[in-house]
Amino acid sequence: MSFLLYEYHWADGTNIKKPIKCSAPKYIDYLMTWVQDQLDDETLFPSKIGVPFPKNFMSVAKTILKRLFRVYAHIYHQHFDPVIQLQEEAHLNTSFKHFIFFVQEFNLIDRRELAPLQELIEKLTSKDR
């Protein structure tokens, strides 16, 4: 998946160990399948009361969120015109703004990973809006 100066290759560390170049739809398919597998893994996301989260939970959660950010970046860079034509930009912006406030509040994505949309992030999160 690529846009402007950024290109992302897929690797999940299990099925695909060496990063591969793939189309955006394939990357997103890999990503959503991988995220669902993580969420379904009881050792990573225990659903029973009293079962502790693993020591690597924050690392896994940060990786999930970092990769989900890439979907937003792709939508904004490659599909924003159709979003506007559908008059859905307010919904996309609101969803993205909530996502950004959450990851910033808990420091879940490194600032450099947010660079593809930094200008938009600053615009959406500025105090004088």
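Helices α1 and α2 cross with a left-handed sense (the near helix is turned anticlockwise from the far one by less than a right angle). The contact (heavy atoms within 4.5 Å) involves Ala 24, Tyr 27, Ile 28, Leu 31, Met 32, Trp 34, Val 35 and Gln 38 of α1. From α2 come Val 60, Thr 63, Ile 64, Arg 67, Leu 68, Arg 70, Val 71 and His 74. This is a predicted model, in which local features need pLDDT of at least 70, side-chain atom pairs count only at pLDDT 80 or more, and totals for chains, interfaces and linings use all residues. Residues are numbered from 1 along each chain as its sequence is written, and side-chain values use heavy atoms, without hydrogens and water.

**Geometry of the α1–α2 pair**
- The axes of α1 (residues 24-40) and α2 come within 11 Å and cross at roughly 150°.
- That angle makes α1 roughly antiparallel to α2 (over 145 degrees).

**Helix α4: length and end**
- Helix α4 (residues 89-105) has 17 residues, which at 1.5 Å a residue should span 24 Å.
- Its end C-alpha atoms are 24 Å apart, in agreement.
- Just after α4, Asn 107 takes a positive phi of about 50°.

- Leu 92, Phe 96, Phe 99, Ile 100 and Val 103 of α4 are buried (under 20% relative accessible area, 1.4 Å probe, protein chains only).
- They cover an arc of only 100° around the axis, so they lie on the same side of α4.
- His 91, His 98 and Glu 105, on the other side of α4, are exposed (over 50%).
- The cover over the buried residues of α4 includes α2 (57-78), α3 (80-85) and α5 (118-125).

Notes:
Helices (H or I, at least four residues) and strands (E, at least two) are DSSP runs, numbered from the N terminus. The expected span of a helix is 1.5 Å times one less than its number of residues. The arc is that of the directions from the helix axis to the C-beta atoms. Axes are lines fitted to C-alpha atoms, for helices over the stretch in contact, and angles run from 0 to 180 degrees between N-to-C directions. Angles under 35 degrees count as roughly parallel, over 145 as roughly antiparallel, 65 to 115 as roughly perpendicular and the rest as oblique.
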